[in-house]
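Here are my notes for your review. Please read them alongside the coordinates.

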Amino acid sequence: MLALGAPAASAADHQPVPWTRVSLQKLGFPGVSKGFLAVGASTLTVNFLDDDHLLVTFGMRGLVKRLPGDPETDEDREVAAEIVELPSGKIEARTEWHMHDHGRYLWPMGHGRFMLRIGGSLSTIAPLANLHTEPFRRVAFPARGLNVDGVMASPEGGVLTVESEMPLQQNSVATWADVQAEQTATVIDLYRLSGEGSTESPLTITSPHSVKSGRPMAFPIDEDGFLWPTNESRDPNDWTVNFHAFAPAGKKNPVVVGEMQSSCQPRMMIASRSEYLALTCMGIDSHMKLATYGFDGHENWEEPLDLDSSIAFAFAPSSGRFAVSRITTSISPTTAVNGIPEDPTFKQEVRVYQTESGDLVLKATTSPAFKTAENFDLSTDGKLAALVRDGEIAIYKLPAPSERDRKAAAEVAKFAPPPGGEAELSLQGIVVREQPGETVAGNAPRVVTPVVAGASVPAANNPAAADNAAQATRPVTTANAVAATPAKKPPTLLLPGEQAEFKDRRQKPQQQDSKQ
């Protein structure tokens with residue numbers, strides 16, 4: 001078990017000096033096992049609410065009471081959530097949530113708002129807007145009852161993307177192609193967001209749009225439109241980046257906003273209304289290049305980026321900055337008998353850049369490395385950065401943007417696309433090439449009724465009651481949202497009427513009253 005309380009790093013590490021530190025032990029964090037770190041379980045999150053407050057959540061230890069109707073396959077646990085004042089480290093509010101698995105459960109939505117997943121239920125919380133009333137008041141969010149893969153908000157917090165897994169229909173007799181093929185499809189729901197999340201300014205979602213794909217896709221999207229790369233030349237490495245505006249100013253839409261070379265499909269992220277990031281491959285997928293572009297098509301700068309594992313970003317558009325976390329692997333010299341490394345070492349590095357100039361504002365490493373990359377954040381105004389290191393949350397004060405940076409940001413802002421306003425979100429016409437065949441985005445059944453989240457979930461001093469209430473108030477899936485999917489049968493190579501020669505006669509274990 002790692003207590004995250006190792007001695008401070010030596011001077012040889014050349015780590016920057018934090019402005020302040022918050023002890024995780026004093027917050028009640030019990031530590032995390034190497035096993036959970038290795039598999040990428042979600043065990044600790046750190047997010048800014050504003051420059052004076054953090055939202056910190058972590059998994060707790062101890063016996064967990066089984067809830068009525070709780071499936072035996074659940075991996076229940078309790079998660080603590082705390083609002084921490086800076087720089088004192090004082091806990092201003094605390095609650096507990098009853099979770100049913102070890103997957104990711106919290107996603108920032110900008111402006112101090114968050115999406116919370118408990119099992120198959122989604123709800124929103126707005127600790128910043130409700131700081132002095134009910135900071136952890138939960139509001140039910142429309143859910144499909146599917147496995148949620150991820151939630152992503154645009155840098156300005158005005159557009160939300162929710163990705164879910166949908167089981168594919170199968171025949172009673174599986175073919176070899178059925179066994180080899182993917183067993184799920186991805187449903188992507190898009191919404192416009194407004195409101196702070198308080199009772200005076202409730203969070204409202206409008207303009208819903210849904211698409212379906214055979215694989216997960218991260219759409220670089222914001223309030224004005226979205227980016228999409230195409231490859232239509234004879235050279236498979238030539239890519240053209242188009243911006244599809246939701247409210248185009250002229251007849252030409254989409255508009256070309258960049259050209260690049262990549263041996264894989266470029267992965268792009270919108271950094272602000274006038275700039276975006278691109279990750280491209282240089283021969284192999286792990287040997288990548290990070291570059292930023294303006295919407296005038298001009299490449300600002302680029303930097304080689306070796307990537308062995310996950311990569312994550314945090315954006316501060318108002319200051320023209322972004323933070324990037326990447327994890328690399330160094331193989332231990334000790335190997336098992338079969339030649340597989342026994343304990344590869346992961347290193348997580350966090351950097352903060354000026355988007356337009358590429359100036360490095362901060363470079364620091366976390367300890368230990370978290371594959372989920374939920375252990376770092378950049379404040380909305382770009383003045384503070386936070387990361388977990390040696391049993392503490394280290395908070396760094398970042399220098400203000402220079403006069404040159406401000407002038408460059410003002411210049412590139414001239415190329416921002418026309419504001420999207422309340423224009424309908426649409427991904428119509430995007431084709432995702434897959435194997436086998438093609439999936440055309442826009443053909444999934446659409447959510448035709450705008451939804452306003454308004455049903456409150458009781459304050460969670462009683463985690464079990466709050467969890468039951470969340471399940472009870474979960475919105476019913478609209479019939480138009482997704483075509484009804486029959487229960488999926490496991491693949492089999494047996495013909496109708498045939499039975500397996502050998503059967504598992506092991507007795508089903510009796511249900512226990514609690515699980516650890």
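1. Asp377 lies in strand β26, which spans residues 376–378. Keep in mind that this is a predicted model.

2. Asp377 is buried, yet no salt bridge is found for this residue. The nearest side chain of opposite charge belongs to Arg104, at 8.9 Å. A salt bridge needs a side-chain nitrogen of Lys or Arg within 4 Å of a carboxyl oxygen.

3. Next, Thr45. Strand β2 (residues 44–50) holds this residue. Thr45 counts as buried because its relative accessibility is 1%. Its side chain makes a polar contact of 2.5 Å with the side chain of Thr57. Check that distance in your viewer.

4. Leaving out neighbours within four places in sequence, Thr45 is in contact with Leu55, Val56, Thr57, Tyr105, Leu106 and Glu374.

5. Now a sheet. Three strands, in the order β15-β16-β17, form an open sheet with antiparallel pairing. β15 (225–230) and β17 (255–261) are the edge strands, each pairing on one side only. From one strand to the next, the twist averages 25°.

6. How many bridges join β16 to β17? Six, with β16 covering residues 238–245 and the two strands running antiparallel. Val241 has Gly258 in β17 as its bridge partner.

Notes
Residues are numbered from 1 along each chain as its sequence is written. This is a predicted model: local features need pLDDT of at least 70, side-chain atom pairs count only at pLDDT 80 or more; totals for chains, interfaces and linings use all residues. Side-chain values use heavy atoms; hydrogens and water are left out. Helices (H or I, at least four residues) and strands (E, at least two) are DSSP runs, numbered from the N terminus. Buried means under 20% relative accessible area, exposed over 50%, partly exposed in between (1.4 Å probe, protein chains only). A polar contact is a pair of N or O atoms within 3.5 Å; within protein, one must be able to donate a hydrogen and the other to accept it, and residues adjacent in sequence count only if both atoms are side-chain atoms. Contact means heavy atoms within 4.5 Å. Two strands pair if DSSP finds at least two bridges between them. Axes are lines fitted to C-alpha atoms, for helices over the stretch in contact, and angles run from 0 to 180 degrees between N-to-C directions. Lys and Arg count as positive and Asp and Glu as negative; His and the chain ends are not counted.
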